[in-house]
Amino acid sequence: MPIPRDDAARVGRSLLRDDVYTRLRDAIVDYTFEPGEQLRDVELAEWLGVSRTPIREALLRLAASGLVVTKPGRSTTVAEIDEQAAGDARDVIAAMHALAARTAAGRLSQEQVEGMRDANRRFADAVAAGDTDAANAADDELHRIPIVASGNRAAVAVIDQYDPLVRRMERRRFGGDGTRSVELHDRLIEHLAAGESEQAAEVAFEIWHTLPSGDGSED
């Protein structure tokens, strides 16, 4: 497994388990670790500068999310992009975001609405520049606002579990034309600000359900 030799990736001994999980998750989502690549806990621990225990715990969480495949006592590899699993995750994510939007409509403060608009501007700029990492970061920031505002912890938990599978698909879309997403984001923000719950839910569902499936097609 070719571990990135970036000293900036190393972290202190106080690194939280969640931080280890996030580092490994992001490395899979952004294809630093390719599908089918074997992951060795010793090398990962050296890369992040932590013990093997949080690495093993993170790999178990990643397996539960479908990002890695673990064979006890044998090996752990980055999961291939499975069309059915990716499509199922997309549908679940779309439903959860629709639920969150329906609940959050009319609840957002002016600061939160402006936060979404600012995130969408940065998203549009990143898409235009072909900066996939920045586009994903801005997109995540935008959608996290109504999710948190909804107060639905169950929806948050489901989204957090399956979002990484969807994010791997998103990298394909953002590498191309993301202008449609910018327009849909604008519509979502206006419906949320106006308290139009059903319209907000419909747009939120459309945003996520128009993601390509595992083979790169759209429904």
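1. The lining of the largest cavity in this predicted model is made up, by class, of six nonpolar, two polar and no charged residues, where Ala, Val, Leu, Ile, Met, Phe, Trp, Tyr, Cys and Pro count as nonpolar, Asp, Glu, Lys and Arg as charged, and the others, Gly among them, as polar. The residues concerned are H97, A100, A101, H143, P146, I147, L188 and A204. A cavity here is a set of points on a 1 Å grid over the protein atoms alone where a 1.4 Å probe fits but cannot get out, and lining residues have an atom within 4 Å of a point.

2. The volume of this largest cavity is about 40 Å³, and the count comes to one cavity of 30 Å³ or more; a volume is the space filled by probe spheres set on the points, which are joined across faces, edges and corners. Helices α4 and α6 (132-150) each supply at least two residues of its lining, helices being DSSP runs (H or I, at least four residues) numbered from the N terminus.

3. L188, one of the cavity-lining residues, also belongs to the largest nonpolar core, which has 50 residues and in which L24, F33, I55, L188 and L192 touch the most other members. Helix α4 (residues 83-104) gives the most to this core, with eight residues. Such a core is a set of buried Ala, Val, Leu, Ile, Met, Phe, Trp, Tyr and Cys residues joined through side-chain atoms within 4.5 Å, and buried means under 20% relative accessible area (1.4 Å probe, protein chains only). A second, separate core of six residues includes F123, A126, V127 and V182.

4. A89 is found in helix α4 and counts as buried because its relative accessible area is 2%. Leaving aside residues up to four places away in sequence, A89 touches Y162, L165 and V166, contact meaning heavy atoms within 4.5 Å. A89 and D163 lie 74 residues apart in sequence, yet their C-alpha atoms are 7.6 Å apart in space.

5. Helix α1 (residues 17-29) has 13 residues and should span 18 Å at 1.5 Å a residue, which agrees with the 18 Å between its end C-alpha atoms; the expected span is 1.5 Å times one less than the number of residues. Its buried residues are V20, Y21, L24, A27, I28 and V29, and just after α1, Y31 takes a positive phi of about 70 degrees.

6. Residues are numbered from 1 along each chain as its sequence is written, and side-chain values use heavy atoms, with hydrogens and water left out. Local features need pLDDT of at least 70 and side-chain atom pairs count only at pLDDT 80 or more, while totals for chains, interfaces and linings use all residues.

Notes
On a 1 Å grid over the protein atoms alone, a cavity is a set of points where a 1.4 Å probe fits but cannot get out, and a pocket is an open set with protein on both sides within 12 Å along at least five of seven lines; lining residues have an atom within 4 Å of a point.
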